[in-house]
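Please look through the sequence and the model that follow, and keep both at hand while reading.

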Amino acid sequence: MTTDRAQVVVIGGGATGTGILRDLALRGISGILVEQGDLAHGTSSRFHGLLHSGARYAVKDKEAARECIEENMILRKIAPNCVEETGGLFVQLKEDDPSYTDKWISSCAQAGIPTEEVEIGELRRTYPVLSPDIVRAFRVPDCAVDGFRVLWSNVNSARQYGGQVLTYHKLIGIKQSNGKICGVEVANQLTGEHKYIECQLVINAAGAWAGEVAAMAGLEVNVIKDKGTLVAYNHRLTNQVVNRLRPPGDGDIFVPHGTITILGTTSITVDEPSCSKPGQQEVLDLIKIGSEMIPELQNFRMIRAFAGVRPLYQAGNGAVGRAVTRNFALLDHQQQDGLNGLVSIVGGKFTTFRLMAEKTVDMAAQKLGVDAPSRTAEEPLTNPISKEILERGKKVFGVAGAKKAADRLGDNFVKVLEEAEKEPHKCKVFCECEAVSLAEIDFVARDGDSFTLGDIRRKTRLGMGTCQGTFCSYRTLGALSSYDWTRNHKEFLTKFLQKRWKGIRPVMWGQQMREAQLSTAIYCTLFGMERMK
Ligand SMILES: Cc1cc2nc3c(=O)[nH]c(=O)nc-3n(C[C@H](O)[C@H](O)[C@H](O)COP(=O)(O)OP(=O)(O)OC[C@H]3O[C@@H](n4cnc5c(N)ncnc54)[C@H](O)[C@@H]3O)c2cc1C
């Protein structure tokens, strides 16, 4: 067994864990993050992708609403490549309670969230797709946010200051001596090798798994696992986020993301943190409720459904589902349970991950005797791409392709551009839906953190567009066939396609059925995948 050493070990490569690693690194504290899968293996890739303005929480939870609007403004500033400033709308239908609207307007004002009423005629002209039964509508500063990009940007930034990341490493033991944490044991999920990491502090940022991690130290952390299913439509139904103006419920938010729209979500308590299988009935429920805001919803093509598990912290008030607070809890297990060197951060939202990380590292720094303040609200996640580099990129990848690649790659865009300029055949687009070039795929495949086609997907968005991998998967397999880690071609491709099918199955009717048949014909009939060696 090999041994490593760091002041802090962070468990969990979601928004919270990667945000913590970055904050530690910027304060000069050495940290190693361990993640059992690839980054965003958990909830941070299985969400709506809404950077909340806070308006959704304004009536019920002013503190959460205020945190959201503040963090929304910070993330726009430090990570413009991860945020699309779409703006959002809250719409009240005929049947919705008008007195709630009045309460909502004053609550938003109290929480510092700007709202502006939209004239109904203007709304109808801009979005004829929306219901004619909308009686009032308001603009709010909601945005769309790319979870994968935020997580990798956090990690890339942390690495510049010495932060380390071990993906595909699962925590299997927490070691303590005389009431104090002294290290953790992790198992490499790809090779089976074990590693011991000596440390002074462990930060449990394992999201829906936080209870399981705490149990390894013999402690209890009560996390309610609240599954939510979402569906993705094959184009932007509106250019702004659209929320239903009523108390938060199922199926009442549409978020435009790049070329698609995400509708969600449901809320069901589950036992397993890994329960991310979307249910067909949940999809049908979502369509029914969503149709109240977009009556033609049935006629648009759904490309997939997916589900995530909200880690909701419950200190013991017995609430469930939407009644449980969306606030976060920072638990000092020394104070709470007498175990020195373990801290848990649970609950919250993607939108507030940076704040959660800041508060957690404030506590960690105090324990380690470090007095450096947090700098994550000021220092950008990636450096802005110069105009000159972007212009060069447009000549190589096209206007839209260059902008998309620059947003995805951040500081690494220039390296990919130089490679494509040197070897022009690498300008070829392999994923048309998301405009991903061979140069980008090749760069990501060689970055040391990619072990599966899914890892490449999460960094490039390959296979996430409207064809759901039908065309780009086999092209990529061919291009990467010389890499050692892609040697078992059948397994490499099958795993990727099966993951795509997991989301396609619950929405397989109408237009999507035709697309699925095309995909089956290509892989099974044309390529004879079952017989592939
Ligand atoms: C359906 C749905 C919609 C949502 N929509 C929004 C939204 O629009 N906007 C918003 O702001 N928030 C939204 N949220 C909430 C938000 O997604 C979560 O609060 C946030 O992503 C949680 O991040 P996290 O880092 O705490 O957890 P996670 O992202 O789950 O990260 C925890 C990580 O820990 C890892 N881990 C667990 N156990 C171990 C172990 N033993 N060893 C190593 N690693 C381990 C897991 O693999 C996982 O990757 C939504 C949530 C859901 C479920």
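A salt bridge is counted here when a side-chain nitrogen of Lys or Arg lies within 4 Å of a carboxyl oxygen of Asp or Glu. By this rule the structure holds 45 salt bridges. Side chains of opposite charge can pair when their charged atoms come close. One of the pairs joins Asp4 to Lys195, with 3.2 Å between the closest N and O atoms. This pair links distant parts of the chain, since Asp4 sits in strand 1 (residues 2-5) and Lys195 in strand 13 (residues 194-198), 191 residues apart; helices (H or I, at least four residues) and strands (E, at least two) are DSSP runs, numbered from the N terminus.

The model is a predicted one, in which local features need pLDDT of at least 70 and side-chain atom pairs count only at pLDDT 80 or more, whereas totals for chains, interfaces and linings use all residues. Residues are numbered from 1 along each chain as its sequence is written, and side-chain values use heavy atoms, with hydrogens and water left out.

The domain assignment, which is automatic or taken from a database, gives domain 1 (3-43 + 148-222 + 314-368), domain 2 (82-144 + 224-309) and domain 3 (387-527). Taken over C-alpha atoms, the centres of domain 2 and domain 3 are 29 Å apart. Contact (heavy atoms within 4.5 Å) involves 15 residues of domain 2 and 19 residues of domain 3. The area buried between these two domains is about 1,400 Å², and carbon and sulfur atoms give 56% of it; buried area is the accessible area (1.4 Å probe) that two parts lose on being put together, summed over both. Of the area that domain 2 buries against domain 3, Arg301, Ile303 and Arg304 supply 43%, more than any other three residues.

Between domain 2 and domain 3 the count is one salt bridge, and the side chains of Glu515 and Arg301 meet in a salt bridge at 4.0 Å, N to O. On the side of domain 2 that touches domain 3, helix 7 (280-290) and strand 20 (302-313) each supply at least two residues. The residues of that side divide into eight nonpolar, four polar and three charged, where Ala, Val, Leu, Ile, Met, Phe, Trp, Tyr, Cys and Pro count as nonpolar, Asp, Glu, Lys and Arg as charged, and the others, Gly among them, as polar.

Two backbone details remain. The peptide bond from Gly264 to Thr265 is cis, with omega near -5 degrees, and Thr265 is found in the loop between strand 18 (260-264) and strand 19 (268-270). Tyr168, a residue other than glycine, has a positive phi near 55 degrees and lies in the loop between strand 10 (164-166) and strand 11 (169-177).
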